[in-house]
Amino acid sequence: VQEDLTLDYKASAALQRSDKKKTEISKDVSAFANSAGGTLVYGVCEDAAHFPAEIDLGYCPTEISKEWLEQVINSTIQRRIDGIRINQVQLSGTRAGRVLYVVYVPQSVRAPHMALNKKFYKRYNFESIPMEEYEVRDAARRSESPDLKITFDIQRIALGPIVEITSLISND
C-alpha cells in the first residue's frame, strides 16, 4: 500500500538512540495525532513512489525494544497522546530473531501535541510538516466541538394479517 496521509514507512535507521532520531520520532508521531491519526511502520524501505520496497534489517528487540520506543514517544511529546498502540512484528528467514514495529497513532481530541523541538507538526501528503499558527489554534479547539454521530435503528414491526381492500368503480 502506498504511503499517504495516514501511513508512513520508515527504514530501520529511523529508530536509533540519538537525540536527532528521538526528535524525528516525536515529530512523526505528534503529526499523526494532530492530523487524522495513522500508522507508522518502522523497518520498511520505500521506493521513490512511496510504496514499500522491502523489509529492512529490522531491529534486535533487546537493543531497540517496544518499551524503549513507547518511553521515547511518551517523554518527547507534550501533551501525552492517549491510545497509541505499538505492535512488535517478528521477522522470519534470514532475519529471524529481529522485529519490525508498527505504531498506531489515533487522531487526538487533546491536540495540539508538541514535538521535542518545541514545534507542532501535521501530516501533509507523504510528510510531517510544521503547523501554521492558525492550525495550532484550530487543533486546540478540536475538543470544544461536539463529536456528533447520527445512528439509525430501524425495526420491523409486525402489522398482523394484511387485509386486501378492493374497490369497484362502476359506471352508471
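Which residues form a nonpolar patch on the surface? The patch consists of Ile150, Phe152 and Ile154, which together have about 470 Å² of accessible area. Patches are made of residues with over 30% relative accessible area and no salt bridge, with like charges joined within 9 Å and nonpolar side chains (Val, Leu, Ile, Met, Phe, Trp, Tyr) within 5 Å. Accessible areas come from the Shrake-Rupley method with a 1.4 Å probe, and for residues only the protein chains shown count as cover. Ile150 is placed in the segment after α3 (133–140), and this residue counts as exposed because its relative accessibility is 72%. Buried means under 20% relative accessible area, exposed over 50%, and partly exposed in between (1.4 Å probe, protein chains only).

The model is predicted: local features need pLDDT of at least 70 and side-chain atom pairs count only at pLDDT 80 or more, while totals for chains, interfaces and linings use all residues. Residues are numbered from 1 along each chain as its sequence is written, and side-chain values use heavy atoms, with hydrogens and water left out.

The protein chain has three helices and eight strands. Helices (H or I, at least four residues) and strands (E, at least two) are DSSP runs, numbered from the N terminus. Along the sequence, these elements follow the pattern β-α-β-β-β-α-β-β-β-β-α. The protein chain has 172 residues, of which 37% count as buried. It exposes about 11,400 Å², and carbon and sulfur atoms supply 53% of this area. Among contacts between residues at least 6 apart in sequence, 70% join residues at least 24 apart; contact means heavy atoms within 4.5 Å.

In α2, the buried residues are Trp68, Leu69, Val72, Ile73 and Thr76. They cover an arc of only 135° around the axis, which puts them on the same side of α2. The arc is that of the directions from the helix axis to the C-beta atoms. The buried residues of α2 pack against α1, β5 and β6. In α3, Glu135, Val136 and Ala139 are buried. These residues cover an arc of only 105° around the axis and so lie on the same side of α3. The cover over the buried residues of α3 includes β7.

Eight salt bridges are found in a search of the whole structure. A salt bridge is a side-chain nitrogen of Lys or Arg within 4 Å of a carboxyl oxygen of Asp or Glu. One of them joins the side chains of Asp8 and Lys10 (3.4 Å, N to O). Asp8 is buried, because its relative accessible area is 3%. Lys10 also forms a salt bridge with Asp28, with the closest N and O atoms 3.1 Å apart. Lys10 lies in strand β1 (residues 7–10) and Asp28 in helix α1 (residues 19–34), so this pair ties together parts that are 18 residues apart in sequence. Both Lys10 and Asp28 are buried, the relative accessible area of Lys10 being 19%.

A further salt bridge is formed by the side chains of Asp82 and Arg110 (3.4 Å, N to O). Asp82 lies in the loop between α2 (66–76) and β5 (85–90), and Arg110 in the loop between β6 (99–105) and β7 (121–124), so the pair ties together parts that are 28 residues apart in sequence. Asp82 counts as partly exposed at 49% relative accessibility, and Arg110 is partly exposed with a relative accessible area of 34%. Salt bridges that share partners join Asp8, Lys10, Asp28 and Arg123 into one network.

Ser128 lies in strand β8 (residues 127–130) and counts as buried at 9% relative accessibility. Its side chain makes a polar contact with the side chain of Asp28 (3.2 Å). A polar contact is a pair of N or O atoms within 3.5 Å; within protein, one must be able to donate a hydrogen and the other to accept it, and residues adjacent in sequence count only if both atoms are side-chain atoms.

Val1 lies in the segment before β1 and counts as exposed at 72% relative accessibility. The C-alpha atoms of Val1 and His50, 49 residues apart along the chain, are separated by 8.8 Å. Not counting residues up to four places away in sequence, Val1 touches Leu7, Tyr9, His50, Phe51 and Pro52.
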